[in-house]
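Hello,

Here is the structure for your files. My notes on it follow below.

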Amino acid sequence: FRATLQKKGFFEGEYGKNAITFTVDFENTTGKAVRAFDGALVFTDLLGNEIISAKLAINDPIDQGQKLTWEGKLDFNQFIAAHGNLRNAEIQNTKTVFVLKRVLFQDGEVKEF
(Lines give C-alpha, C1' and ligand atoms only; values in the text may rest on other atoms or scores of the structure.)
Protein backbone atom coordinates (compact mmCIF):
# COMPACT_ATOMS: atom_id res chain seq x y z
CA PHE A 1 0.00 0.00 0.00
CA ARG A 2 1.06 3.56 -0.68
CA ALA A 3 -0.25 6.37 1.54
CA THR A 4 -0.32 10.03 0.52
CA LEU A 5 -1.28 12.80 2.95
CA GLN A 6 -3.76 15.09 1.17
CA LYS A 7 -4.93 17.39 3.98
CA LYS A 8 -4.10 18.12 7.60
CA GLY A 9 -6.07 20.34 9.92
CA PHE A 10 -7.10 21.00 13.48
CA PHE A 11 -10.55 20.68 15.02
CA GLU A 12 -11.32 22.66 18.16
CA GLY A 13 -14.05 20.81 20.02
CA GLU A 14 -16.01 21.64 23.12
CA TYR A 15 -14.41 21.27 26.54
CA GLY A 16 -10.91 20.89 25.12
CA LYS A 17 -11.80 17.87 22.98
CA ASN A 18 -9.51 18.92 20.15
CA ALA A 19 -8.21 16.74 17.33
CA ILE A 20 -5.68 16.79 14.52
CA THR A 21 -7.57 15.87 11.36
CA PHE A 22 -6.13 14.42 8.19
CA THR A 23 -7.12 13.01 4.83
CA VAL A 24 -5.00 10.22 3.39
CA ASP A 25 -5.18 8.46 0.02
CA PHE A 26 -4.37 4.75 0.23
CA GLU A 27 -3.38 3.12 -3.05
CA ASN A 28 -3.72 -0.65 -3.33
CA THR A 29 -0.38 -1.87 -4.72
CA THR A 30 -0.83 -5.50 -3.58
CA GLY A 31 -1.80 -6.86 -7.00
CA LYS A 32 -5.15 -8.18 -5.69
CA ALA A 33 -8.51 -6.75 -4.60
CA VAL A 34 -8.52 -6.00 -0.85
CA ARG A 35 -11.45 -6.24 1.58
CA ALA A 36 -9.75 -4.83 4.73
CA PHE A 37 -6.28 -3.95 6.05
CA ASP A 38 -4.52 -2.63 9.12
CA GLY A 39 -1.17 -1.24 10.13
CA ALA A 40 0.45 1.97 11.31
CA LEU A 41 0.35 5.38 9.70
CA VAL A 42 3.69 7.11 10.36
CA PHE A 43 4.11 10.87 9.99
CA THR A 44 7.69 12.03 9.42
CA ASP A 45 9.56 15.20 8.58
CA LEU A 46 11.28 15.60 5.21
CA LEU A 47 14.37 13.77 6.46
CA GLY A 48 12.35 10.75 7.58
CA ASN A 49 12.47 11.49 11.31
CA GLU A 50 9.30 10.16 12.93
CA ILE A 51 6.94 12.77 14.34
CA ILE A 52 4.25 10.30 15.47
CA SER A 53 2.64 7.06 14.38
CA ALA A 54 -0.92 5.83 14.80
CA LYS A 55 -2.40 2.37 14.41
CA LEU A 56 -5.43 2.05 12.18
CA ALA A 57 -7.71 -0.54 10.63
CA ILE A 58 -9.70 0.08 7.46
CA ASN A 59 -12.63 -2.13 6.52
CA ASP A 60 -13.41 -0.60 3.13
CA PRO A 61 -12.71 -2.57 -0.05
CA ILE A 62 -10.15 -1.33 -2.58
CA ASP A 63 -9.74 -2.91 -6.00
CA GLN A 64 -6.28 -3.65 -7.36
CA GLY A 65 -4.53 -0.43 -8.43
CA GLN A 66 -7.30 1.80 -7.04
CA LYS A 67 -7.24 4.49 -4.33
CA LEU A 68 -9.33 4.96 -1.22
CA THR A 69 -9.60 8.42 0.35
CA TRP A 70 -9.77 8.07 4.13
CA GLU A 71 -10.44 10.77 6.71
CA GLY A 72 -9.15 10.30 10.23
CA LYS A 73 -8.34 12.16 13.38
CA LEU A 74 -5.99 11.94 16.31
CA ASP A 75 -7.22 13.20 19.67
CA PHE A 76 -4.97 16.14 20.54
CA ASN A 77 -3.23 16.36 23.89
CA GLN A 78 -1.36 19.64 24.34
CA PHE A 79 0.99 18.00 26.86
CA ILE A 80 2.32 15.43 24.38
CA ALA A 81 5.17 16.97 22.38
CA ALA A 82 4.60 14.75 19.32
CA HIS A 83 0.99 15.98 19.07
CA GLY A 84 2.20 19.59 19.03
CA ASN A 85 4.88 18.76 16.48
CA LEU A 86 2.34 17.16 14.14
CA ARG A 87 -0.15 19.99 14.58
CA ASN A 88 2.48 22.62 13.80
CA ALA A 89 4.16 20.78 10.90
CA GLU A 90 3.44 22.28 7.49
CA ILE A 91 1.84 19.73 5.17
CA GLN A 92 4.51 20.30 2.50
CA ASN A 93 7.14 19.38 5.11
CA THR A 94 5.32 16.24 6.28
CA LYS A 95 5.66 12.80 4.74
CA THR A 96 3.37 9.84 5.40
CA VAL A 97 4.40 6.20 5.39
CA PHE A 98 1.98 3.32 5.88
CA VAL A 99 3.44 0.20 7.51
CA LEU A 100 1.11 -2.65 6.50
CA LYS A 101 0.54 -5.27 9.20
CA ARG A 102 -2.23 -7.48 7.82
CA VAL A 103 -4.46 -7.56 4.77
CA LEU A 104 -7.65 -9.48 3.99
CA PHE A 105 -8.07 -10.00 0.26
CA GLN A 106 -11.47 -10.25 -1.45
CA ASP A 107 -10.86 -13.97 -2.09
CA GLY A 108 -10.58 -14.60 1.68
CA GLU A 109 -6.78 -14.93 1.86
CA VAL A 110 -5.18 -13.22 4.86
CA LYS A 111 -1.56 -12.13 4.65
CA GLU A 112 0.53 -10.82 7.56
CA PHE A 113 3.63 -8.66 7.18
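The charged end of Arg 87 sits over the ring of Phe 76, 5.6 Å from its centre. A charge counts as over a ring if NZ of Lys or CZ of Arg is within 6 Å of the ring centre and within 35 degrees of the ring normal. Lys 32 lies over a ring face too, that of Phe 105, at 4.5 Å from the ring centre.

Before the rest, the ground rules. This is a predicted model, in which local features need pLDDT of at least 70 and side-chain atom pairs count only at pLDDT 80 or more, while totals for chains, interfaces and linings use all residues. Residues are numbered from 1 along each chain as its sequence is written, and side-chain values use heavy atoms, with hydrogens and water left out.

**Overall layout**

The protein has 1 helix and 7 strands. Helices (H or I, at least four residues) and strands (E, at least two) are DSSP runs, numbered from the N terminus. Along the sequence the pattern reads β-β-β-β-β-α-β-β. The C-alpha atoms fill a box of roughly 45 × 35 × 20 Å, taken along the principal axes.

Of the 113 residues, 38% are buried. Buried means under 20% relative accessible area, exposed over 50%, and partly exposed in between (1.4 Å probe, protein chains only). Among contacts with a separation of 6 or more, 62% come from residues 24 or more positions apart. A contact means heavy atoms within 4.5 Å.

Strands pair if DSSP finds at least two bridges between them. β1 and β2 run antiparallel and are joined by 9 bridges. One detail: Ala 3 has Phe 26 in β2 as its bridge partner.

Tyr 15 is found in the loop between β1 and β2. Tyr 15 is not a glycine, yet has a positive phi of about 55 degrees. With a relative accessible area of 78%, Tyr 15 is exposed.

**The helix**

Helix α1 spans residues 81–88, and its buried residues are His 83, Gly 84 and Leu 86. They cover an arc of only 165 degrees around the axis, which puts them on the same side of α1. The arc is that of the directions from the helix axis to the C-beta atoms. Exposed Ala 81 and Asn 88 are on the face turned away from that buried side.

What do the buried residues of α1 pack against? The partners are β1 (2–11), β2 (19–27), β3 (34–44), β4 (50–58) and β5 (67–75). Take His 83, which lies in this helix. His 83 counts as buried, at 8% relative accessibility. Leaving out residues up to four places away in sequence, His 83 touches Ile 20, Ile 52, Leu 74, Asp 75, Phe 76 and Asn 77.

**The aromatics**

A pair of aromatic rings is described by the distance of the centres and the angle of the planes. Rings of Phe, Tyr and Trp (its six-membered ring) pair if their centres lie within 6.5 Å; planes under 30 degrees apart count as stacked, over 60 as edge-to-face and the rest as tilted.

The structure holds 9 aromatic pairs. Phe 1 and Phe 37 are stacked, at 4.2 Å centre to centre with 25 degrees between the planes. Phe 1 lies in the segment before β1 and Phe 37 in strand β3, so the pair ties together parts that are 36 residues apart in sequence. Both residues, Phe 1 and Phe 37, are buried.

Phe 26 and Phe 37 have ring centres 5.5 Å apart and planes at 65 degrees, so this pair is edge-to-face. This pair also links distant parts of the chain: Phe 26 in strand β2 and Phe 37 in strand β3, 11 residues apart. One aromatic cluster takes in Phe 1, Phe 22, Phe 26, Phe 37, Phe 43, Trp 70 and Phe 98.

Phe 37 has 3% relative accessibility. Not counting residues up to four places away in sequence, Phe 37 touches Phe 1, Phe 26, Leu 56, Ala 57, Ile 58, Ile 62, Phe 98, Leu 100, Arg 102 and Val 103. Phe 37 and Val 110 are 73 residues apart in sequence and 9.4 Å apart in space, C-alpha to C-alpha.

Best wishes
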